[in-house]
Amino acid sequence: VGLRDSMGTVTSIGTATVDAKRLAPNKAFRSSVKVTLPTSLAEGAYTLVAIATPTGGPLAEETNTSNNTAAGKAISVSPANADIAVAATSTLTGTVATGSSGTAKAVITNNGNVDAKTKGTLELIATTNGVSTAIATVANVSINIKPGKTFSSKPVKFSVSGTGTSNTSVTLGARFTPATALAGDNTADNS
């Protein structure tokens, strides 16, 4: 089994040995093959191909090899990345007074194509009059998020401090800082 690129070059990604005795004349045989994409495989569009190569016995005397290759589905190969995006949901909404308290959950989404598995620090951020301040911090938060899935933190208690009036608008946000960088993470959307 291989991947054919746009130039026609085939990169092998797996093999299987089939006993010729299992292949009767004018019949088909199905087999599964475990495949591994090489780390050196370039990003791009490929076509999955299956190639039958007789290595002995009666099939080695085959006279028509033009039907020994079959093309399958087109696939796209891209670098492995775990790209997390963070948002906050809170018990407080709208315009709140400084000194208000509540709870919030951080919602972390994995927009990447591999699991986002790490530990890190979760911060709740309050933005008042364009100034952002961490109002709660939770260390050693473990995440293990499949691609396209979300993680909701446990509720985090917080209070909004400051010198604003009771009509000061506070925007609540969250930031997750991984202890170890995630491959391909766009850190701009981690808060």
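In which strand is the place of threonine 118? In this predicted model, threonine 118 belongs to strand E7, which spans residues 116–128. The residue counts as buried because its relative accessible area is 12%, under the 20% limit that defines the term.

From the N terminus on, its elements run β-β-β-β-β-β-β-β-β-β-β. Among contacts between residues at least 6 apart in sequence, 68% join residues at least 24 apart. Of the 191 residues, 26% count as buried. The protein exposes about 12,300 Å², and carbon and sulfur atoms supply 51% of that area.

The interior may be considered next. In soluble globular proteins, nonpolar side chains tend to be buried together. Here the largest nonpolar core has 22 residues, and Leu124, Ile143 and Phe176 are those with the most contacts inside it. At least two residues of this core come from each of strand E5 (84–90), strand E6 (101–110), E7, strand E8 (131–145), strand E10 (156–159) and strand E11 (170–178). The largest share, 5 residues, is supplied by E8. A second, separate core has 5 residues, including Ile13, Leu41, Tyr46 and Val77.

Strand E6 shows how the strands are placed against one another. In a regular strand the side chains alternate between the two faces of the sheet. The covered face of E6 carries Gly102, Ala104, Ala106, Ile108 and Asn110, whereas Ser101, Thr103, Lys105, Val107 and Thr109 lie on the uncovered face. E10 can be described in the same terms: Val156 and Phe158 form its covered face, and Lys157 and Ser159 its uncovered one.

How many bridges join E6 to E10? There are 4, and the two strands run antiparallel. Alanine 104 stands opposite valine 156; alanine 104 is on the covered face of E6, and valine 156 is on the covered face of E10. Threonine 103 stands opposite lysine 157, and here threonine 103 is on the uncovered face of E6, while lysine 157 is on the uncovered face of E10. E6 is also joined to strand E9 (residues 150–152), by 3 bridges and again in the antiparallel sense. Within that pairing, isoleucine 108 has phenylalanine 151 as its bridge partner.

Another part of the fold is an open sheet of 4 strands in the order E2-E1-E3-E4, with antiparallel pairing. Strand E2 (10–12) and strand E4 (69–77) are its edge strands, each pairing on one side only. From one strand to the next, the twist averages 30°. Strand E1 (residues 2–4) pairs with E2 over 3 bridges, and glycine 2 has serine 12 in E2 as its bridge partner.

Notes: Residues are numbered from 1 along each chain as its sequence is written. This is a predicted model: local features need pLDDT of at least 70, side-chain atom pairs count only at pLDDT 80 or more; totals for chains, interfaces and linings use all residues. Side-chain values use heavy atoms; hydrogens and water are left out. Buried means under 20% relative accessible area, exposed over 50%, partly exposed in between (1.4 Å probe, protein chains only). Contact means heavy atoms within 4.5 Å. Accessible areas come from the Shrake-Rupley method with a 1.4 Å probe; for residues, only the protein chains shown count as cover. A nonpolar core is a set of buried Ala, Val, Leu, Ile, Met, Phe, Trp, Tyr and Cys residues joined through side-chain atoms within 4.5 Å. Two strands pair if DSSP finds at least two bridges between them. Axes are lines fitted to C-alpha atoms, for helices over the stretch in contact, and angles run from 0 to 180 degrees between N-to-C directions.
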